[in-house]
Amino acid sequence: MNLRMGEFKVHRVRFFNYVPPGIRCVAYNNQSNRLAVSRTDGTVEIYNLSANYFQEKFFPGHESRATEALCWAEGQRLFSAGLNGEILEYDLQALNIKYAMDAFGGPIWSMIASPSGSQLLVGCEDGSVKLFQITPDKIQFERNFDRQKSRILSLSWHPSGTHIAAGSIDYISVFDVKSGSAIHKMIVDRQYMGVSKRKCIVWGVAFLSDGTVISVDSAGKVQFWDSATGTLVKSHLVANADVQSIAVADQEDSFVVGTAEGTVFHFQLVSVTSNSTEKQWVRTKPFQHHTHDVRTVAHSPTALISGGTDTHLVIRPLMEKVEVKNYDAALRKITFPHRRLISCSKKRQLLLFQFAHHLELWRLGSTVATGKNGDTLPLSKNADHLLHLKTKGPENIICSSISPCGSWIAYSTASRVFLYRLNYEHDNISLQRVSKMPAFLRSALQILFSEDSAKLFVASNQGSLHIIQLLEGSFKHLHTFQPQSGTVEAMCLLAVSPDGNWLAASGTSAGVHVYNVKHLKLHCTVPAYNFPVTALAIAPNTNNLVIAHSDQQVFEYSIPDKQYTEWSRNVQKQGFHHLWLQRDTPITHISFHPKRPMHILLHDAYMFCIIDKSLPLPNDKTVLYNPLPPTNESDVFRRRTAHAFKISKIYKPLLFMDLLDERTLVAVERPLDDIIAQLPPPIKKKKFGT
Amino acid sequence: MAALEEEFTLSAVTLGARPDGLLGVEQTDRTDHFLVTDRSRTVILYKVSDQKPLGSWSVKQGQIITCPAVCNFQTGEHIVVHDDKVLRIWNNEDVNLDKVFKATLSAEVHRVHSVQGAEPVVLFRGGAARGLEALLAEPQQKIETVLSDGEVIKWTKFFVVFRHPVIVFITEKDGNHFAYVQMLHSRNLSKYTLLLEQEEKSVTRSFTASVDRKFISLMTLSSDGCVYETLIPIYPSDTEKNQRLVRSPLLKAVVSGAAPNGVTLAALDPDHVAVLGAPLPSSKECLSIWNTKFQTLQTSKELPQGTSGQLWCYGEHLFLLHGKCLTVVPCRCGASSLAGALGKLRRAQDPGSQTMPHFVNWEVAQGCEPGAQKSEQLRRILRRKKSEVSLQPEVPASEQLLSTIKNGSEKHIEVELRKFLAKWTPDSHAVLGDVVAALLGRGEAEPSFYPRSCLMQLLQTHALSHSLCPGLMDTALAKADVQMLQLCLRHFPDVPESLTCACLKIFLSIGDDSLQGAHVSMESVCEHSSSEQDESTEEQPEILRNGFSPGDSNCGTCEQELREEPQGPAAEAASCPVTPKRAALLNGILGSAYSETFLLPHLKDIPAQHVTIMDWICLLLDANFTVVLMIPEAKRLLINLYKFVKSQISVYSELNKIEVSFRELQKLNQEKNNRGLYSIEVLELF
């Protein structure tokens, strides 16, 4: 056996200038244990907290649609509202926007669903609070509450549904829901550290069942009000800057606030003395997981969730609520999307980077030098930025792809699919748009070219899969696989076999469907698994389908045999190494070595791994992550300790990794420091005392 | 806040009708029962709550009880000594003292002591002490003589300190006092010379003592009317014999030294003492409770029928002979708090409202670690209290003066006033008011008439108040007489807030040149620096003011650093925009009492150019803070706080240093890792 089989030249790319948009809202759904996250560019993401915090769905952003509020209602219906004055409902099956409805109150700053989930309340720029009835397929305006002087920035519904609290500028109103009239107006002190600010913005309110209203404001205060008398009960000064968000646990025994200094404070209702029944709110724990404004917080039964300008979604489990101290009890910091933003043309050594509103095409450089492990080789040619392709219209790009030959680029927004033909003449490159895309190609969730670049596979948001034949400068629609009857689940992941015969497609919950492209029919369906699929690929020659799931399991399924392979069964029998299962980012890409059929290459954000199926699997006693290269040990020793997982953690955060040829890899990294450098400077805060 | 409740007489039966009073009142094993021994032949057991006697025992005619009966807490029996040497022990059931247990001792007994938790102890006149059991085993044993010839036991007390019985007694010989501390278990006897009388004429008239862990705090009431404290170590610190103990003043002028009857002192708790005696030579006897921590009079009760000058204190009961009846005065001593002592003093004037606000007791008082400050306010309280006590309706005629005021020349008036004041007693309050009113009345009629020196003299009597002469301050305001206003602010307990603000306006607006001419009392400013000097000198010259304290500190260097700090601001004071005179005036404002509700509306009238008002409020806060800092208990807290903050600061500064070095390291590391945006590297996977 060749011990030097793992030697590669790696193109280490750090010029993917991607900055995730800041987080604006989070909304936790207790029923499904899902978390909806909206970002400043209007993107909405759905995380499945039961599936290892996998980002299983997303809705692309829109330039004019700055989401200011996000809420779940009627069980699992998701609504958002924003500064364009519209209320949107999202279709969580088809992954598109069901409808948008203007509330006619100017920009909407806040929205909340009633405790029963049947009504929606929005707070508008013009000071109005509007009540909407949620009907089975739409929402219907019902009435206005007494209009207030200034914009309504925050809303909270009393758990009994009889009253609401509305935070505005300089005051909080308490409304009677039945009459719609304000029964109390509680003036918030503008004083900020003894200095009177011009305005005190009530960023958040929370109405507790005992009638207490908790407010957080721009003067750094967390205040407790008695809504029956309209009086201030208690005030905590928690920050030198704005306190921007608040979320209360369902049990009302704990709540969390986020500040502009990046701190999250946990408040708990604790007994005054050890055995008294009298309880009071006490600020118990501060968490500093953010560098910038914590714009939003959520409180799940077991965790505090926060997000803000620094783009991280932080899930901080409450140790006292976590029953089993397993890996779920660890802090999660999610920064990068769980989907690919990069595609690669192996033949021409091109990388296509997807941004919200443009695509960038880069050609990799080259070297003639060789070296040993760890060497940086002198470049004979640097990487080139070939193309900057701006989208038309306000919509964000959903997905993009470059063909393996490098001659085609396709991308899709929420309303259109675009296809371009690239011509290379020496160093010049010309771009030609393929017009007249068929009407049914309205929006794609995933686009994939076949290995020979002759076919284009498009997963539409209706659940159907289109196959398009690409010709020189034009195309031909070959076939559409309609979704299985009764399902409308959109397909988010596609994989095609290198021989072009098989197409695998997966949604978020149902199993993976495998289609026979030659006969244009469904070949088989891989049995559904509890956890969503995070990456798919079909191996050359064997046509084994390799599937990675969010719980870090990897399956190998033989398409011709319609069954799991022997190796996959063995892996399941023995189980993965516990450290493998404890990784906290999903595998986002799988590829294969053209010359080594036993190798599977895969990566997540923090490691890159080659699984050598010919070697024994590691058990929990073996060292999973290989230490430094053995230099003095004998081959015998190496062979004895060698196991199937060859892991490298050199490249991180790793957004993309693929084999260009049998000896060359490309790795796209996005260092966090580079992202932070592009954010506005955080509020300076001294770490230690004076 | 301590309070005396309504007294009650124990029994209609007049006890020991002899003027020299009772032999003693002693506790028994039941909290409510007390043994009262008169000076002739009788011992009576009283149940205080029922105000009735439970039993009475007498010795035979011809015998005489020489030492008060006590209860043996271990057996419940009573012990008495008659005819100096005969010890009797009996039970409640016994009827005839003649038939009970009897032991004749070989030496004369001074006193039998018994306290809860210890065997009774017999102290002989010769200074030897024996446990009762040991004595009864061999009654005729030889008793040694400890005291020298002519040395007489004046006072004695028995303590149990950490389960060790300790007897302390004070003797006198040729005007010198000695303290003996005897540990009964170890038979260890220490002798100390008490340097009590430093001034020639003063004679120590009463003793009392309380015990702390290591010291017996002996308080003495001297004939000069002051209470002094002497700390006697329980455990002798070195072997040197005949150590000298110096007294330190604790309270000034609590009773009149010239009072005819006896004066007595009793320690109630570590912070409070009860004093029996006449506060002024002419006044009736009073029972008063003083707070030694804040040097304030807490409460006082007049005893018009006179007392025997004896006072016993057990728990919450004070026993004394009022007239011919044995009287019990229940008393309560709350935890001492600064606010209780200084708080809303004006309210304490009306006797009905004894509402005691719930204040935090900072630290349970642990002995007396005296502070080193005095307070203008404290002195004022004392003065006022004194004058209150002395308030009496009898007023000598003063028509002469009043008529002079009506039409006499200013000089004439002054002469008459001087005469009048020479004969004046603090009792004749109201007359002074009349005099001032007459002076002001004439001033109103004749605008040129402003008998400034007369008014000043009257003010100096410290007997005036705003309500007594309402026009005085208005006149002084009209004349912009800052000196007068300063005196008024200082001496009047009841300046209305509107006038305080008016004074403030004047003090702020008056030109520096006109201030220069005014005779402003700089006491408050000068005192500040002088008290500082006092602190820094090692040997403490005696400052006989209420509110002093000889600062004995064992706090080491930290203490010194603390002391040094105030010198900073003092040095800076030179560049202060407020001249010392103006500062003294403003200090007068700060020192005056006010109520926020009434003050605020007037503060709004202060013109814009004197927005100094903000600073004023800050100063006010500072002043209050200073008062808090002044109390002795705060010292330890402050030292701890200081140490803590200091260590925190050093930790933080170290952390900051570490942070900076780490940041540099991180930068270096980043530079090393910064491979640019693109590179081709070799990777080998194993």
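**Figure 1. Burial of helix H9 in chain B of the predicted model.** In H9(B), the buried residues are Val482(B), Gln483(B), Met484(B), Leu485(B), Gln486(B), Leu487(B), Cys488(B), Leu489(B), Arg490(B) and His491(B), where buried means under 20% relative accessible area, exposed over 50% and partly exposed in between, with a 1.4 Å probe and protein chains only. Helix H9, which spans residues 482-491 of chain B, is thus mostly covered, with ten of its ten residues buried; helices (H or I, at least four residues) and strands (E, at least two) are DSSP runs numbered from the N terminus. This is a predicted model, in which local features need pLDDT of at least 70 and side-chain atom pairs count only at pLDDT 80 or more, whereas totals for chains, interfaces and linings use all residues. Residues are numbered from 1 along each chain as its sequence is written, chains are lettered from A and ligands numbered from 1 in the order in which they are written, and side-chain values use heavy atoms, with hydrogens and water left out.

Figure 2. Leaving aside residues up to four places away in sequence, Leu472(B) touches Val436(B), Leu440(B), Leu455(B), Leu459(B), Met484(B), Cys488(B) and Phe492(B), contact meaning heavy atoms within 4.5 Å.

**Figure 3. A buried serine in a loop of chain A.** Ser168(A) lies in the loop between strand S15 (163-167) and strand S16 (171-176) of chain A, and Ser168(A) counts as buried because its relative accessibility is 1%. The side chains of Ser168(A) and Ser150(A) are joined by a polar contact of 3.0 Å, that is, a pair of N or O atoms within 3.5 Å of which, within protein, one must be able to donate a hydrogen and the other to accept it, residues adjacent in sequence counting only if both atoms are side-chain atoms. Beyond four places in sequence, the residues that Ser168(A) touches include Arg151(A), Leu153(A), Cys200(A) and Val202(A).
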